[in-house]
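This report goes through a protein chain from its overall layout to single residues. Please keep the sequence and the 3D view open while reading.

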Amino acid sequence: MTDSEVLGVLQRDLHQPFLDSLKDALHGRYSKAYEDVVRPPGGFVLPRPSSEWDPIDLQAVRRFRRSNGMQALMQTCSEHGAPIQLKTLGCNGQKIVVGQMGQLLILTEPIDNLSSRPEHAAYKADLAASHFAIRQLEMDLGDGWRQRISVRNTMLVVIQHGMRAGGLNRRDTALEMMRLVVPDASFSSWLLQANVLNGELSAMLDWTKTLREQAVRPTQEDRVVVTLKRNLGEKDIER
């Protein structure tokens, strides 16, 4: 696929309201993960004996990142009426969530920094290999997958997300990184990558331009002029 083909599919099938909803959902999931560790739901909040607990609890918050992404994607797809499928991989029991918008297959995955390279996995490579290929997936995803997600003639998009490297506090455990990447067919390099939070993706897809044009577009006034009918006869006048 060429750069222009990749960009064209994104501009056509990825909509800003969907990505904004996904970003909001990720913010909420990250915040909840921190609260659930610091203040467990339904449990007693005990005074922390010392800061020695922080590394352990921080590790727990970081472990939530993968489920944060999957839950945020499921929530967003449900809100926007987009097909979604949750599957358990037979090789290791790992659960994955894939959403679809038009020809886009959408995955989420956590990252530690915005320079992260592709982390290869068999299911990722198989999904990426479907880039505009008229074929079935080689891995066994079951009938339910084919009923909800069409994996032919598609392009894989990965929404990466993460937090800053810091301590156990609300700021350092909040959503700090969000990047959209399109892998090549072997999931070994990126065909396209763009930061979501700093507006890079919005500029790349001309979303900023579209919003600006909508803001300055003049509204047409509905001017109605009432005139009397010419040559009114006596029978035309209500008494």
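## Layout of the chain

Along the sequence, the protein chain runs in the pattern α-α-α-α-β-β-β-α-α-β-β-β-α-α. The chain has 8 helices and 6 strands, where helices (H or I, at least four residues) and strands (E, at least two) are DSSP runs numbered from the N terminus. This is a predicted model, in which local features need pLDDT of at least 70 and side-chain atom pairs count only at pLDDT 80 or more, while totals for chains, interfaces and linings use all residues. Residues are numbered from 1 along each chain as its sequence is written, and side-chain values use heavy atoms, with hydrogens and water left out.

Of the 239 residues in the protein chain, 41% are buried; buried means under 20% relative accessible area, exposed over 50%, and partly exposed in between (1.4 Å probe, protein chains only). The accessible surface of the chain is about 14200 Å², and carbon and sulfur atoms hold 50% of that. These areas come from the Shrake-Rupley method with a 1.4 Å probe; for residues, only the protein chains shown count as cover. Among contacts with a separation of 6 or more, 63% join residues 24 or more positions apart, a contact being heavy atoms within 4.5 Å.

## Nonpolar cores

In soluble globular proteins, nonpolar side chains tend to be buried together. A nonpolar core is here a set of buried Ala, Val, Leu, Ile, Met, Phe, Trp, Tyr and Cys residues joined through side-chain atoms within 4.5 Å. The largest one has 40 residues, and Leu10, Leu14, Leu180 and Leu201 touch the most other members. Helix 2 (residues 16-38) gives the most to this core, with 8 residues. Beyond its neighbours within four places in sequence, Leu180 has contacts that include Leu10, Leu14, Val157, Ile159, Leu192 and Leu201. Another core, of 16 residues, lies apart from the largest one, and Val98, Ala121, Tyr123 and Ala125 are among its members.

## Helices

The table sets out two helices; the expected span is 1.5 Å times one less than the number of residues.

| Helix | Residues in helix | First to last C-alpha | Expected span |
|---|---|---|---|
| Helix 2 | 23 residues | 33 Å | 33 Å |
| Helix 4 (residues 65-80) | 16 residues | 23 Å | 22 Å |

Helix 1 (residues 3-13) buries Val6, Val9, Leu10 and Asp13. Seen down the axis of helix 1, these residues fall within an arc of 100 degrees, so they line one face of the helix; the arc is that of the directions from the helix axis to the C-beta atoms. Asp3 and Ser4 are exposed on the other side of helix 1. The buried residues of helix 1 pack against strand 2 (95-101), strand 3 (104-110), strand 4 (155-162), strand 5 (177-183) and strand 6 (190-195).

In helix 4, the buried residues include Gly69, Met70 and Leu73. The partners that the buried residues of helix 4 pack against include helix 2, helix 3 (54-63) and strand 1 (84-88). Just after helix 4, Gly81 has a positive phi of about 65 degrees.

## Two single residues

Thr108 is located in strand 3 and counts as buried, at 11% relative accessibility. A polar atom of the Thr108 side chain lies 3.3 Å from the backbone oxygen of Gly69. Leaving aside neighbours within four places in sequence, Thr108 is in contact with Gly69, Met70, Leu73, Ile159 and His161.

Ala122 belongs to helix 5 (residues 122-128) and counts as exposed, at 60% relative accessibility. Ala122 and Phe187 are 65 residues apart in sequence, with their C-alpha atoms 9.2 Å apart in space.

Key: Polar contact = N/O pair within 3.5 Å; in protein donor to acceptor, adjacent residues only side chain to side chain.
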